[in-house]
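Keep the 3D view open as you read.

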Amino acid sequence: MDWVDDFYSRTGHWWGRAESGIGERDRGRVEQAHRLRGAEPGRVLELGCGYGNTAAAFAEAGHRVVGVELTDRADRAAVHTDRLGAEALRVIRGDFYTVELDGRFDVVAYWNGFGIGTDAEQRRLLRRIGDEWLAPDGVALVDVFNPLVWASWDGEEDHLTPNPERGYEHELMQRLSFDPVSSTAVDTWWDAAEPERKITQRLRCYGPADLRLLLEGTGLALDAVIAGGEPVDLGGDHAGHAAMLRERHEYLAVLRHEPLSG
Ligand SMILES: C[S@@+](CC[C@H](N)C(=O)[O-])C[C@H]1O[C@@H](n2cnc3c(N)ncnc32)[C@H](O)[C@@H]1O
């Protein structure tokens, strides 16, 4: 995907100062992981870890954490690694399709990024999680983009005004569209000062049923879906489910090795 480095590096320069500190979202992710596997210290791998702030929140909670990030967003993680030490937190600038890592992890997480590649690439990543990284009784936590909500945003435009006190220095424009054939969100941004320099991310979205198909043959199985912090009973009837139909642009997929125990 040739747009990936440019998109996340450029947006990282726009938002890094505002968003690289540890915040509520990062601590919420740690709490979610603790609810799913217990809070005892373990090894955590975070894929696409951006500025390293969620990884740092896991390290603060006592885990030994490795983060992998493709772009120069990883440079901002130095403030966390310097403070917490290399035993607790290591952030590797690298590509999760090729990076070589030692040992297995109790938690493998990919927050807010799954779907940046093609179906074949997503499958490759899932296979790496199952075959190489996830401990036998480990849990993989993967945010998955929800096609129904992204589709409902087709045609929307947004205008973000700068807020330098909070670290947002740029006046930004966003235009959203959705490709219903490939189930892909097309999310275009530009700095109002440089309208000719637009950047676009393309996010493949999967409903839970499609995710199950994608998982076939990867050695991983969908154990649970959590939307807005609430578990979605995978065996239930969900006609009219407001969170999945209208409210949550991503849901958390909880994956474990096949066969699922219990
Ligand atoms: C939408 S951002 C989310 C960042 C962070 N996980 C969060 O929740 O704030 C997706 C991140 O994944 C990274 N990424 C995408 N493809 C990657 C790859 N092949 N290897 C490593 N990182 C990648 C991007 O550079 C970006 O920082």
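A polar contact here is a pair of N or O atoms within 3.5 Å, where one must be able to donate a hydrogen and the other to accept it. Please keep in mind that this is a predicted model. With that in hand, look for Glu-169, in the loop between strand S6 (157-160) and strand S7 (172-179). The side chains of Glu-169 and Arg-17 are joined by a polar contact of 2.6 Å, and this N to O pair also counts as a salt bridge. Setting aside neighbours within four places in sequence, Glu-169 is in contact with Arg-17 and Pro-162.

Now zoom out to the domains. The assignment gives domain 1 (3-145 + 206-241 + 249-257) and domain 2 (149-202), and their centres, taken over C-alpha atoms, are separated by 23 Å. How many residues of each domain are in contact with the other? Domain 1 contributes 15 residues and domain 2 contributes 20. Between them, about 1700 Å² is buried, with carbon and sulfur atoms giving 58% of that area. On the side of domain 1, Phe-7, Arg-10 and Trp-14 supply 42% of the area buried against domain 2, more than any other three residues. Two salt bridges are found across this interface, along with seven residue pairs in polar contact. Helix H1 (residues 4-19) provides the largest share of the domain 1 side, 10 residues.

Next, turn to the interior. In soluble globular proteins, nonpolar side chains tend to be buried together. The largest nonpolar core in this model has 53 residues, and Trp-133 and Leu-211 have the most contacts inside it. This core draws at least three residues from each of domain 1 and domain 2. A second, separate core of 20 residues includes Ala-55, Val-107, Leu-252 and Val-254.

Finally, follow Trp-133 to one of its contacts, Phe-96. Phe-96 sits in the loop between strand S3 (89-93) and strand S4 (105-114), and it is buried because its relative accessible area is 12%, under the 20% cut-off. Beyond four places in sequence, Phe-96 touches several residues, including Leu-47, Gly-48, Val-68 and Tyr-110. The C-alpha atoms of Phe-96 and Gly-48 are 7.6 Å apart, although 48 residues separate them along the chain.

Notes. Residues numbered from 1 in each chain as written. Predicted model: local features only at pLDDT ≥ 70, side-chain atom pairs only at ≥ 80, totals over all residues. Heavy atoms only, no water. Helix = DSSP H or I, 4+ residues; strand = E, 2+ residues; numbered from the N terminus. Contact = heavy atoms within 4.5 Å. Core = buried A, V, L, I, M, F, W, Y, C linked by side-chain atoms within 4.5 Å. Buried < 20%, exposed > 50% of the residue type's maximum accessible area, 1.4 Å probe, protein only. Domains from an automatic or database assignment. Buried area = accessible area lost by both parts, 1.4 Å probe. Salt bridge = Lys/Arg side-chain N within 4 Å of Asp/Glu carboxyl O.
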